[in-house]
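The following questions and answers concern the structure shown here. Please keep it in view while reading.

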Amino acid sequence: MSVFEAFIRGIPKAELHLHIEGSLEPEQMFEFSRRNKVDIPFRSVEEVRGAYAFSNLQDFLDIYYQGAAVLHTEEDFRDLALAYFARLKADGGVHAEIFFDPETHTNRGLPFSIAVDGLLAGMKEAETRYGITSKLIMCFLRHLDEASSFRTLQAAEPWLHRIAGVGLDSSEKGHPPSKFARVFQAARELGLKICAHAGEEGPPDYVHEALDILHVDRIDHGNRALEDDALTRRLAKEGMTLTVCPLSNLKLCVVMDLKDHPMKRMLNLGLKATCSSDDPAYFGGYVGDNYIRTAEAVGLTREDIVTLAKNSFTGSFLDAASKAKHDRCDRRPRRRELTNEGAGGPTALKSRTNFIGAASSGETVVAIRPTGTSAGAPRSGGPRSQMKQAKPSHW
Ligand SMILES: [Zn+2]
């Protein structure tokens, strides 16, 4: 692993935009289809991966809903969540706020309790096993009508003390946030946090509506807000968190080349951007890959990476005390600190860790201070001489 990769995977981070059904890897799809005796229209893992060539959001959603149909039991949802958290741990994740789509499951006959109880069990187990905290966000499918979202909110009532917020996902175009004004108002009155996908494929007006009609606490994606200068200034001024998903944007042709991704521009404009994976099994990478490939493509600096990681906590729905605790991990990089302990490379790369440092101008050094906690273990690092060679040119 290069210093560059170790730095990114090692820095503690939260993931704020993750659809748990979108973490269903093809291998799991086959496992669950066998377990539940459900037919799927694919004969091999390779065939599934071959089908993941999308030209827009709707192409993807058609396959996504097909995949989710193999999930039938609480155990399936629990196992799905645990598989995701194991990957998050390897990427330096310490907190996640995960979306699920109840209507995807209730509309095919599953009781509401199956998905929610299974996911909550997986989240609890992940905290015990990996030390990762998490929150659950219930999304309404915007291609359905408002009555369906009201039924979903009603069905969720016994679990509302364990659900942090509501979101809005699925086909964006033609389904503006205003279509769901009343159900979001009801959710707000119940004390739930509010987020909505806006400005992914939809126009800047949808971002305006999410702000002014839904009164969101967070915007999911928000890329197209950049087409509206006044809106961009407003988002920066209000410190509105954007949960940006670069590899998703590439896979769904929101950008045609990752080099054209607006992440760097967002940060330079003072927008509170974060980096997430969206539907990682379908889009070619989990959160660490999103950071790394975006950093390479648009030239993110260490300071940019630290800012993204810091934003992921300040933009989370954690309480102030938890945010303060995580903030200790997000200091600006200092010049060289520690590294060469033990055989085979820095202690920093072997144990997890509070991030405390970075590089001098001539030499790249990752400095990560072990915390003594058990959470996670970044992948092993190589000898320091090899690590220096792997430094990307803009670092
Ligand atoms: Zn999404």
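Q: How many bridges join β2 to β3, and in which sense do the strands run?
A: Strands are DSSP runs of E with at least two residues, helices are DSSP runs of H or I with at least four, and both are numbered from the N terminus. Two strands pair if DSSP finds at least two bridges between them. In β3, Leu136 is the bridge partner of Ile98. The β2 and β3 strands run parallel, and the bridges joining them number six.

Q: What kind of model is this, and how are residues numbered?
A: The model is predicted: local features need pLDDT of at least 70, side-chain atom pairs count only at pLDDT 80 or more, and totals for chains, interfaces and linings use all residues. Residues are numbered from 1 along each chain as its sequence is written.

Q: Which are the edge strands of the open sheet?
A: The open sheet has eight strands with parallel pairing, in the order β1-β2-β3-β4-β5-β6-β7-β8. An edge strand pairs on one side only, which is the case for β1 (13-19) and β8 (272-275).

Q: Which residue of β8 stands opposite Thr243?
A: Strand β7 (residues 241-244) pairs with β8 in the parallel sense over four bridges. Within β8, the residue opposite Thr243 is Thr274.

Q: What angle does the direction of helix α15 make with that of β8?
A: Helix α15 (residues 287-298) packs on the sheet and touches β1, β2 (93-100) and β8. Contact here requires C-beta atoms, placed from the backbone, to lie within 7 Å. Axes are lines fitted to C-alpha atoms, for helices over the stretch in contact, and angles run from 0 to 180 degrees between N-to-C directions. On that basis the angle between α15 and β8 is about 120°.

Q: Why is β2 largely enclosed by the rest of the structure?
A: A residue is buried if 20 or more other C-beta atoms, placed from the backbone, lie within 10 Å of its own, exposed if 12 or fewer, and partly exposed in between. Strand β2 is largely enclosed because its buried residues number eight of eight.

Q: How many residues has the largest nonpolar core?
A: A nonpolar core is a set of buried Ala, Val, Leu, Ile, Met, Phe, Trp, Tyr and Cys residues joined through C-beta atoms within 7 Å. Phe100 is in contact with residues including Ile20, Leu119 and Leu136, leaving aside neighbours within four places in sequence. Ile20, Ala81, Phe100, Leu119 and Ala210 have the most contacts inside the largest core, whose residue count is 93.

Q: Is Leu141 buried or exposed?
A: Leu141 is found in strand β3 (residues 133-141). Asp101 lies 40 residues away from Leu141 in sequence, yet their C-alpha atoms are 7.1 Å apart. Since Leu141 has 21 C-beta neighbours inside 10 Å, its class is buried.

Q: Which residues of helix α2 are exposed on the side away from its buried ones?
A: The buried residues of α2 (residues 26-36) are Pro26, Met29 and Phe32. They lie on the same side of α2 because they cover an arc of only 120° around the axis, the arc being that of the directions from the helix axis to the C-beta atoms. Their cover includes α3 (45-50), α4 (57-68) and α5 (74-90). On the other side, the exposed residues are Glu27 and Arg34.

Methods: Two residues are in contact if their C-beta atoms, placed from the backbone, lie within 7 Å.
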